[in-house]
Amino acid sequence: VNASWNIDSQNLTQLIPEAKGAIKSEGNLRGELVAPKLSTSIKAQGLSYKDNEISSIDGIINIDPKINSDLNIRLKMERLKLGETLIRGFSLSGNGTTGDHELRYRSRLDARRSLSWSARGGYKDEVWKGTLNTTLLNSAQFGDWEQQQPSEISVSASRLQIDYYCLTPTDADAHVCVKLDSDYLKSWSGAVNIKDLPVETFETYFPPQIISVQGLVRGTANFRFQEDVIKVFDANLVSEKGIVEFGLPAGEKQKLNYQQLEASITHNNKGISVVSKVDLRETGKVDIQGTLKNKHILSEIDGSQLIEGRVVVDLKNLTVLPLMFPDIQYIDGHKYSEYIISGSIGNPAIVGRSDIAAKSITLPRLGIELKDVKAAARTDKNNNIKVTGEASSGVGRIVFRGEMLNYLGADLLAKLYIEGNNFLATKTPEFEM
């Protein structure tokens with residue numbers, strides 16, 4: 001390649017009808033296309049093209065692939081608007097020789113979001129090798145992070161390799177480490193390690209009912225992709241001895257202590273397996289296991305996909321139910337459920353049972369308190385549910401039984417029989433029954 005240019009325009013519209021701004025740039029590009037020699041300078045103001053804008057550019061770039069040649073980079077941009085993305089400031093500098101130089105980068109989205117890093121290395125035989133020495137990430141969403149230790153890195157047109165690159169929060173003894181090897185297109189492999197990361201780091205993703213969470217997360221992940229096929233994927237996350245505080249509809253708050261939360265996903269030639277375990281200390285336990293047989297994690301899941309799984313919920317008390325059912329409050333009771341899942345996604349079979357017993361359940365919206373509640377549900381392989389139960393309210397009591405036939409199908413048929421007398425169903429200032 002052998003190209004040179006000299007542009008000096010105070011009105012880019014004269015050159016490009018859809019563009020605006022002023023620009024002055026001169027330079028040349030010579031040598032092999034894979035590693036050319038570049039020498040250029042640029043100054044620009046008020047650039048825009050369609051929905052992209054750059055307030056200003058000021059830069060000089062001198063790069064020669066010869067190992068002992070001088071390298072000089074000084075590039076600064078202000079207010080880059082690329083579609084919906086706004087970058088308020090950007091700078092890149094480099095000094096030294098092609099074979100040994102230092103690079104510094106900084107970008108700023110706003111006062112609370114910025115990224116900066118520094119690296120030292122050199123370019124030889126079409127590969128840049130060096131050390132990423134420092135990183136500082138400021139995030140309004142995830143807090144402030146800094147690089148824990150230098151990390152070796154290798155970059156070429158065909159491959160990217162990063163040795164363990166670790167970031168740690170500036171206000172916590174924790175880290176997130178990543179190792180990566182990729183050819184950009186066909187293969188990706190690597191590992192992730194998380195140590196003692198505060199759970200509140202992920203508070204943006206919590207449901208609105210959760211007010212705060214205290215606890216630490218640790219975990220690992222290993223992966224290897226070949227083109228669009230996942231050869232290996234194994235991830236595990238664990239959090240121990242934490243506290244979740246959530247709000248109730250009446251404005252009250254409830255705290256839930258957990259002993260351990262664990263989630264894992266494994267993908268291999270047998271399929272995708274998911275395991276989730278929750279130990280709520282005095283409240284009870286939840287255990288969920290499931291497998292998509294012989295399923296590729298990146299492909300679309302259709303109705304013929306074979307599944308198998310097991311769900312067990314054993315709650316010694318029901319303090320967690322108001323979080324899932326806001327109209328229910330002040331529950332004194334216990335619940336046990338166990339279900340086995342088989343078949344396919346389009347035609348699953350769920351077999352199991354669920355039992356609940358409660359001394360009292362308060363329903364504020366109806367203005368009543370249910371007492372001595374007992375309820376049971378049984379499901380069979382034909383997707384039929386049979387329910388039985390009894391409860392007291394006011395001075396009366398009811399007994400009920402019923403069934404739902406083919407509850408997962410379009411031709412659902414339900415029957416419910418209720419017997420009793422003097423049962424108080426609702427008591428509000430407007431209505432009593």
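Hi everyone, and thanks for coming. Some housekeeping before we start. Residues are numbered from 1 along each chain as its sequence is written, and side-chain values use heavy atoms, with hydrogens and water left out. As the model is predicted, local features need pLDDT of at least 70 and side-chain atom pairs count only at pLDDT 80 or more, while totals for chains, interfaces and linings use all residues.

Let's begin with the strands near the start of the numbering. Helices (H or I, at least four residues) and strands (E, at least two) are DSSP runs, numbered from the N terminus. Two strands pair if DSSP finds at least two bridges between them. Strand 2, residues 19–30, pairs with strand 3, residues 37–49, in the antiparallel sense over 11 bridges.

Is Thr40 buried or exposed? Thr40 is buried, because its relative accessible area is 15%, and the cut-offs are under 20% for buried, over 50% for exposed and partly exposed in between, with a 1.4 Å probe and protein chains only. The side chain of Thr40 reaches the backbone oxygen of Glu26 at 3.1 Å. Contact, for the next lists, means heavy atoms within 4.5 Å. Not counting residues up to four places away in sequence, Thr40 touches Trp5, Ser25, Glu26, Gly27, Gly59, Ile60, Ile61 and Asn62.

Strand 7 (residues 100–110) and strand 8 (residues 113–124) run antiparallel and are joined by 9 bridges. Asp110 stands opposite Arg113 in strand 8, and a hairpin of 2 residues joins strand 7 to strand 8. Strand 8 then pairs with strand 9, residues 127–139, in the antiparallel sense over 11 bridges. In that pairing, Ser116 stands opposite Leu136 in strand 9. The hairpin between strand 8 and strand 9 again has its turn, with 2 residues between the strands, and Asp125 in the turn has a positive phi of about 55 degrees.

Now the rings. A pair of aromatic rings is described by the distance of the centres and the angle of the planes. Rings of Phe, Tyr and Trp (its six-membered ring) pair if their centres lie within 6.5 Å; planes under 30 degrees apart count as stacked, over 60 as edge-to-face and the rest as tilted. By this rule the count is 3 aromatic pairs. One of them is Tyr105 with Trp117, a stacked pair at 5.5 Å centre to centre and 15 degrees between the planes. The pair links Tyr105 in strand 7 to Trp117 in strand 8, 12 residues apart. Trp117 counts as partly exposed, because its relative accessibility is 26%. Phe90, Tyr105 and Trp117 form one aromatic cluster.

On to the cores. A nonpolar core is a set of buried Ala, Val, Leu, Ile, Met, Phe, Trp, Tyr and Cys residues joined through side-chain atoms within 4.5 Å. Which members of the largest nonpolar core touch the most other members? Of its 23 residues, they are Leu280, Leu315, Ile361, Leu370 and Val373. Elements giving two or more residues to this core include strand 15 (210–226), strand 20 (307–315) and strand 22 (348–363). A second, separate core of 20 residues includes Leu71, Ala119, Ile194 and Leu197.

Lys316 is in the loop between strand 20 and helix 1 (321–324), and Lys316 is exposed, with a relative accessible area of 58%. The C-alpha atoms of Lys316 and Lys50 are separated by 62 Å. Gln148 sits in the loop between strand 10 (143–147) and strand 11 (151–156). Gln148 is partly exposed, at 39% relative accessible area. Leaving out residues up to four places away in sequence, Gln148 touches Cys166, Thr168, His175 and Cys177.

Thanks, and happy to talk more!

Technical notes
Polar contact = N/O pair within 3.5 Å; in protein donor to acceptor, adjacent residues only side chain to side chain.
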